[in-house]
Amino acid sequence: MFRQDTKRARAVNSRKANFKATKFTPQEYPSRLNFYTVPPTAEITLDEFEQWAIDRLRVLGEIETMQMRNRSQKEIETEIKKLLDERLPLNPNPVLGDPEKMAQVQAERKKDHYSHFIVRLAFARSEDLRRRFTNAETVLFKVRWAQDEGTKERVDFIKESGVNMEQVGEEELQYLGGTLSSMNPKEKDWFKVEWDRVPELVAQRRVFMKAGMAYVPVSMQGSFFETEFRERLEKALELTARALPSLDEDDRLIPILNHLSLGFSSIDSAATTAPTSIGELRADQIDSLLPYFPLCMQSLHKNLRKDAKLKHFGRLQYTLFLKGIGLSIDEALVFWKTAFKNTPDDKFNKEYRYNFRHSYGLEGNRRNYKPKTCQQILTENQPGPQENHGCPFRHSSIDSLILQLGSMGVTERGIIENVKRDVEQKRYHIACNKVFEHVRKAELKPLGGRLQETILTPNEYFEKSWNLVNGEKIQQVVKKEESQ
Ligand code: SF4
């Protein structure tokens with residue numbers, strides 16, 4: 001399924017010999033809807049393997065979060081559109097069969113197909129992961145089903161899907177013409193199915209019945225196909241779970257799959273390095289930016305100012321965050337030296353300077369460390385006594401959390417109750433997103449008062465907050481400069 005490097009290929013030659021006669025043909029995707037019954041067989045690179053899965057997980061994570069926030073299916077369909085276009089576009093067949101557009105459409109469907117199977121591998125390993133995957137994938141299927149409203153592609157999918165459903169032919173349509181059109185005058189495509197497979201429609205008397213068959217128009221088949229999709233996926237995941245042990249010998253895939261299965265929302269590394277529109281920062285500007293920081297970073301900053309020091313993991317979490325918002329290493333050293341005002345110069349240079357430079361990839365293994373995601377902060381290096389790192393929504397007591405929220409101006413009873421409920425249900429980043437919407441409610445008003453996409457990292461929180469307040473002003477200045 002993915003391309004092997006030469007060294008590895010030699011090592012698995014004996015296993016490959018068993019499949020010598022196997023010829024894999026490229027798959028065709030006549031419709032963008034997919035039941036994912038046939039596993040992919042063509043080669044892809046390891047980079048594609050990981051990136052495609054990350055893109056799908058970003059979409060599934062957003063769906064899961066929207067559900068936690070009680071969004072209706074209609075709201076999910078509208079709000080997920082932008083993210084789908086960015087990460088997992090799936091365009092309909094071009095009208096005139098333009099070969100170039102057709103190739104692009106096939107490439108999109110291939111990515112959709114492969115990414116589904118990769119994430120299925122990662123999420124088959126526990127009952128909880130299987131349940132979450134099935135749930136989010138089923139919602140995604142419903143989103144796509146809705147996008148195909150009234151199209152020939154949906155009809156083709158139904159015909160090719162392998163479900164026991166027969167399209168009502170022209171002759172029978174004419175014979176039943178009056179009856180069917182009086183029930184649903186706009187429908188041209190009708191399918192026959194055994195009546196007990198659509199019990200809801202039968203109970204509501206919404207379908208025509210004859211000889212044990214229900215006559216269902218395409219527009220009413222959504223819930224039937226949703227159930228079919230869910231049941232097939234549940235069964236397929238059980239089978240995948242049983243086959244997983246045979247993967248253990250593959251040391252290229254296991255680390256990637258382990259990483260992917262950490263969670264829907266933990267793998268979005270791209271967002272953590274996105275440049276901010278704020279540009280290069282100076283050390284003396286940090287205090288003025290505090291209102292744009294999420295609670296975790298406000299807490300670190302305030303403790304740093306209070307104690308004139310921070311313990312190791314707090315320094316690391318805050319350094320990487322500041323690096324992500326545009327603080328250069330030179331300015332970072334000025335910032336930390338000033339903040340550690342009670343620490344003598346030689347002690348600072350001996351004990352701390354190296355670590356700050358290390359975080360910027362200038363010492364030791366010279367790795368360019370990325371700012372931490374919420375998932376990493378929530379799950380790694382739990383803070384002990386006297387430590388201030390971590391996520392206040394998870395690692396502070398409720399009383400302390402309410403005090404911290406109060407210090408950022410969040411005191412309204414309604415929002416505090418909401419936060420308490422989310423924290424009790426361990427939905428920490430949802431609570432943080434609600435706080436964001438509360439703090440930025442004036443700026444979000446033109447957007448319906450809601451974030452368009454869930455925030456998954458402290459740096460995203462900062463960028464969105466800062467851009468909401470300042471983005472408009474900057475654009476006005478740019479426009480003014482351009483017009484001069
Ligand atoms: Fe920080 Fe993320 Fe926790 Fe918000 S949810 S406080 S951004 S770690």
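Is Gln386 buried or exposed? With a relative accessible area of 66%, Gln386 is exposed, where exposed stands for over 50% relative accessible area, buried for under 20% and partly exposed for in between (1.4 Å probe, protein chains only). Gln386 also has a positive phi of about 70°, although it is not a glycine, and its place is the loop between α19 and α20; helices (H or I, at least four residues) and strands (E, at least two) are DSSP runs, numbered from the N terminus.

A word on the model is in order. It is a predicted one, in which local features need pLDDT of at least 70 and side-chain atom pairs count only at pLDDT 80 or more, while totals for chains, interfaces and linings use all residues. Residues are numbered from 1 along each chain as its sequence is written, and side-chain values use heavy atoms, with hydrogens and water left out. The chain has a mean pLDDT (the predictor's confidence in each residue, from 0 to 100) of 84, with 86% of its residues at 70 or more. Over residues 2-21 the pLDDT is below 50, and this stretch has 21 contacts (heavy atoms within 4.5 Å) beyond near neighbours in sequence.

Turning to the ligand, its shell is formed by Pro294, Cys296, Cys374, Ile377, Cys391, Pro392, Phe393, His429, Cys432 and Pro458, each with a heavy atom within 4 Å of it. These residues divide into 9 nonpolar, 1 polar and no charged; Ala, Val, Leu, Ile, Met, Phe, Trp, Tyr, Cys and Pro count as nonpolar, Asp, Glu, Lys and Arg as charged, and the others, Gly among them, as polar. At least two residues of the shell come from each of α19 (374-379), α20 (392-395) and α23 (428-439).

Elsewhere, helix α8 (residues 152-160) has Glu153, Arg154, Val155, Phe157 and Ile158 buried. Their cover includes α6 (99-123), α7 (127-147), β1 (166-167), β2 (190-194) and α11 (222-243). Just after α8, Gly162 takes a positive phi of about 80°.

Two further loop residues deserve a look. Ala211, in the loop between β3 (208-210) and β4 (213-217), has a positive phi of about 50° although it is not a glycine. Ala211 counts as exposed because its relative accessibility is 78%. Pro40, in the loop between α2 (13-17) and α3 (46-68), counts as buried because its relative accessibility is 8%. The C-alpha atoms of Pro40 and Pro26 are separated by 8.9 Å, with the two residues 14 apart along the chain.
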